[in-house]
Amino acid sequence: VQHFRQDFLENAPFKFNLDTTVAEVRHAYQIIEDYRARVKEIKAEATKYNDLENLFELERTKYKSLNDCSSDLDKLEIMWEMIEKILTTYDKWKRILWKNIKVDELSPENEKFVQMLKQAPREVKNFKSYAFIVEKVGNMKKTLNCIDMLSSEAMQDRHWNAISNELSQTIDYKSSAFCFDDILKLDVFKYEAIIQETTENANKELKIGKDLDKINSVWSKLTFEFEVFNQAGGELKIFRPFDTIQE
């Protein structure tokens, strides 16, 4: 039992990192099932020894490590169920084309994951991997926020080029194949502040541009009119009253 417990602590799927894939989730499930079967076998054998201890009126061995393994397996299953739900959803999102990404629909779904993790059992939260799951969901929240900002109509080529330079990566956002996964590969969540600053400037520039267009539109319809003013020595062209233009 002691050897089994040591093996369990070393090889059971306690580990999760930010690069874990859906395929690795399935492998984790298989490991959990294998350990469950092994625990069941050892418990059956332990029961036989307990029966013999009762028969010879010996102190009953509790085999606490086996119960610890069973408890850990239950918590691991809860943890990997959450991981599977999160990663499966994120995998679906990866295939969404840039033009079809609707942040207002994806953000609430990601927020559900945030709440789900908060409501996880205390024992699950004590696993070291729990912090990585929380980080994964938090990074996605930042990513969605960045996508929302980058989707602004104010974003022009110069703004995208500025962000590309900051990230030291080429962003082919005009490609028909540009999708959610391409954004994820850029790790934009790390540059949230830069993206926010760039998009805010872009929005200000757009507003100024619209104001200038409005000014041009108004002035293009206005004309100055003159009239002749007679005075000694000849005629002088002067402005007619232009109160409207002044206003």
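A quick term before the points: a residue is buried under 20% relative accessible area, exposed over 50%, and partly exposed in between (1.4 Å probe, protein chains only).

1. Some background on what you are looking at. This is a predicted model, where local features need pLDDT of at least 70, side-chain atom pairs count only at pLDDT 80 or more, and totals for chains, interfaces and linings use all residues. Residues are numbered from 1 along each chain as its sequence is written, and side-chain values use heavy atoms, with hydrogens and water left out.

2. Do have a look at Ile-215. It sits in helix H9 (helices are DSSP runs of H or I, at least four residues, numbered from the N terminus). Ile-215 counts as partly exposed because its relative accessible area is 44%.

3. Helices H3 (64–94), H6 (128–150) and H8 (180–185) each supply at least two lining residues.

4. The second largest pocket holds about 200 Å³ of space. Of the 14 residues that line this pocket, Pro-13, Lys-15, Phe-16, Glu-24 and Trp-80 are the closest to its centre. Helix H2 gives the most to the lining, with 4 residues.

Conventions: On a 1 Å grid over the protein atoms alone, a cavity is a set of points where a 1.4 Å probe fits but cannot get out, and a pocket is an open set with protein on both sides within 12 Å along at least five of seven lines; lining residues have an atom within 4 Å of a point. Grid points are joined across faces, edges and corners, and a volume is the space filled by probe spheres set on the points.
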